[in-house]
Protein chains: 2
Amino acid sequence: MSATLTQQDLFTKHKTIIDNAIKAIHDRGFYAQYPEHPKPYGEEAPINGKAFFDGVQNTNYDELLQDNSGKYEGTEDSPYTQKPLGIKYPVSSPVDLVARSKEAFEQWRKTSVDQRAGILVETLEQIKNRFFDIAYATMHTTGQSFMMSFQASGPHANDRALEAIALGYQELTRFPNAVDWVKPMGKFDIKLSKKYTPVPRGIGLVIGCSTFPVWNTVPGIYADLIAGNTVIVKPHPKAILAAAIVVAEIQKVLQQNGLNPHIVQLAVDTVEKPITKHLAENSAVKLIDYTGNSKFGSELEKLEGKTVFTEKTGVNSVILDSVESLEPVVQNLAFSISLYSGQMCTAPQNFFVPESGIKTADGQVSYAEFVDAFKNAVTGLVNHPKMGAGTLGAVQNPDTVKRTNDASSLGGNTVLNSESVKNEEFESARTCSPTIIEVDASDEKTYKEELFGPIVLIIKTKDTKESVKLAQELAAEHGAITCAAYTTDSKIENYIEDQMSLAYAPVSFNLTGFIWVNQHAAFSDFHVTGGNPAGNATYVNPEYVIKRFVWVGHRKLA
Amino acid sequence: MSATLTQQDLFTKHKTIIDNAIKAIHDRGFYAQYPEHPKPYGEEAPINGKAFFDGVQNTNYDELLQDNSGKYEGTEDSPYTQKPLGIKYPVSSPVDLVARSKEAFEQWRKTSVDQRAGILVETLEQIKNRFFDIAYATMHTTGQSFMMSFQASGPHANDRALEAIALGYQELTRFPNAVDWVKPMGKFDIKLSKKYTPVPRGIGLVIGCSTFPVWNTVPGIYADLIAGNTVIVKPHPKAILAAAIVVAEIQKVLQQNGLNPHIVQLAVDTVEKPITKHLAENSAVKLIDYTGNSKFGSELEKLEGKTVFTEKTGVNSVILDSVESLEPVVQNLAFSISLYSGQMCTAPQNFFVPESGIKTADGQVSYAEFVDAFKNAVTGLVNHPKMGAGTLGAVQNPDTVKRTNDASSLGGNTVLNSESVKNEEFESARTCSPTIIEVDASDEKTYKEELFGPIVLIIKTKDTKESVKLAQELAAEHGAITCAAYTTDSKIENYIEDQMSLAYAPVSFNLTGFIWVNQHAAFSDFHVTGGNPAGNATYVNPEYVIKRFVWVGHRKLA
């Protein structure tokens, strides 16, 4: 534990981690994982994680170091058992949360950037010891498989948090704190002493989503904190536990270092009585990070006097032109749409296929043959006894199952109907396999909206040019976080790259094997470009950190 | 001329200028001036400048290399003669301007960052040869003195333009264009080739103001251009000529380098038939830079789907607590409020003075004694035969004279009435000396708004703490670009610094002699912090450039 280290010691201790992260962000060629291999979790870690999760159910969650009203609430349930977790969290009113955050701000803004950086990296070190607890918490609230829960909410989330700390540290120390400025006047010089201070904006509100409660939450938390802002974390009422553990660990490190734990607080509400809007509209809340639906996200973006970062919905496209070999391509795509039952913001939805079919090294594959091969790949994957249930995981929200089942009523030709998929470990798991529907390119109203869940629309186009045009328009008008394209023609590759760039959608070309369009790597991939309506919360982009503070320069006659 | 140099040669030629500028931006201690001393203007330059200005009046301005409708318009007049300049500029409809800009965008976005940087620095080299033309143009549209016109629209404007090029260049080349990314998978590696491209946002609209038609315009023009955006420059209808010369020089360099001159265009309108709103609302216009009144600025900020940079109005404060010696302080402040008749966005307006007066090394100066000393300093300056008329310059807009004359009707006690001041060189010059009014701290409605022009309100407060509180609230709620403070107590200095930082207003302490709060130096002072309602167009801040492009990363299986 860090109790015996001073704040400055923590900076010295962790400086190498920060320096390496800054280097990785600018090299962009590393596959980073925090902490470095070998993973120092220890053999008992998985067992302890399971024990934590078993023990925390049906209790009042008591790890937080924040004042509360004495009232407890909690309505989470597991998509794997479809039963309540029975965990209740201390609740506070928005007014109380903001008042405490304001008070803590006075202390945190005066803590130096070095000290903040040391403390924040130390919190990641402590969170690391809770990766298995967080994995179980994530799994049984989001429906992610255990493996994905561990990766996404554990090391990958810590990676994204470290990026924010490191990039923030770099920008906050970019200009000198003090300089002597000299203006030669001929016979004499005018000298001014100048100071430059990165001043935080105030209180940050970080609003979590129900599917990635840690990965989509920690970047905003840490970007706010490194810049000297205090934070109120408002997780989705159906996915609180993983975020609560993260907040508790940060609070512990703050307290051990003599700081006010209210620098970060957890705000808890229920679906029936949401408090997010009250918090967002509070005039002391200056920064908002939001992951969730477009409607509420766009409302938040319009609030005056706030700096808002959003990850909203998008409509991700797949452009199919030509491939070396069809089978590895449909296998790759089948996995992409099935992984966590299409509940990733990076999952593809709209497949654009020319009516003339797809060129392969073995000759032309007709449109119908492609549809058939893709359908078979999906069916093969979801029914695979070792792969199916684990790939799909469980479905977080019953509405997603309903949407997927009802998708055939959208119009078009249903190629594959969604079914529930047996999970050997969890008999009551809420599951559904993908629905595949063919629609015509003219049927834009069907495919222009995000259909959250494992729903695939195959859109028959005149040719690749039309495919690109439609994918570009969709991204520009309705947002896109990813785009997959398959072509063996370098001219067409350049064309797709250029045209999708104009809609600010990143394209992954010709992925096969163990790499999928859904995956955005820390220290390497900009996640959400910020150029289309899918949002502006661009991870590992300098803009993501520098808008959280303001440079103020004071000067005086020297 | 650059006709014989290729685009790449221009980059090589100017790379040192860019590198030095990047260094200066991060050192912040230099007094920079572009071009470096000795000034290579030549002895005939002033004479040629005068000849240009004499010749261009009552003509159709024909230097622009842009298509036009054949129609010409122009309604400028000189604040020094109060007569029309008679210069008419080619006009185009917003639709035509945007269509040409869209076409030019396809070429400019594909021009490399290096090439753009070389070309843009070359345009500054060419503009340098027009500094005297630009100075006369500025003087006889804005009313600035010749000296200020030359400095602000010449070398200082080029400095601010170079900052934008250099900071843009640094950010646009911050991440590698291409990397190999390797993910170790145990028995094998996954390899992706990744590309990172800074993609411009589209068309930028730069809206000029009537008082600083070049200094407030070129930063946005060059920040847009270096990032690959095309630009439509819409100067204020009463201050076109200086901006027209700048646009013409940029167009010439573009054409000499085989590029479409429509990459930058001049849009001209009249006060009666403004086109700014039409341009701003055009869906292809993605970036807006605006200097002007708060009402229209705030409207622009609310436009959806645009990135908007504003410099609006602010209410700048002077906090008087204690001084070594009173006389140099009132002299300095008298100059600050008189310089260009208070028409600078950095000019102070509200003077907060404790009812108990001001401590000096020679004992306490009472509130009344301060008011008297300040009034005498102003009267002495404006009536000084060698200093008065030159410091005040002329008044751009007749409304400003009216506002200054009518200020005594605002309430409070009039200490000094505005008068017209004789200008020996220009008998018909539109002039007015400062108005000084005393109001009480409780009379917030009088002093909370910007009173553009040479209007000073002296506000009697309980003590310095109240002075700071009011100055902080004003800055936070109504915006502030500068703040001047006088104190000999280091504890109070720290307190003022800290409290004004929370309103994101930069404080200049204890300025006396030949340096004034109005002056913001290139490569050193952040102009407009972006943290309060005065605007978010922060010169020499990375945010000012990085919001003009979007990083898009494409990747493919290697």
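Entry 1: I looked up burial in chain A, and 58% of its 558 residues count as buried (20 or more other C-beta atoms, placed from the backbone, within 10 Å of a residue's own). I note that this is a predicted model, in which local features need pLDDT of at least 70, side-chain atom pairs count only at pLDDT 80 or more, and totals for chains, interfaces and linings use all residues. Residues are numbered from 1 along each chain as its sequence is written, while chains are lettered from A and ligands numbered from 1 in the order in which they are written.

**Entry 2: overall dimensions.** I found that the C-alpha trace of chain A spans about 80 × 70 × 45 Å along its principal axes.

**Entry 3: secondary structure.** I recorded 19 helices and 19 strands in chain A (DSSP runs: H or I of at least four residues, and E of at least two).

**Entry 4: a helix pair.** I examined α5(A), residues 131-142, and α6(A), residues 146-153, whose axes come within 8 Å and cross at roughly 120 degrees (lines fitted to C-alpha atoms over the stretch in contact, with angles from 0 to 180 degrees between N-to-C directions).

Note on methods: Buried ≥ 20, exposed ≤ 12 C-beta atoms within 10 Å, placed from the backbone.
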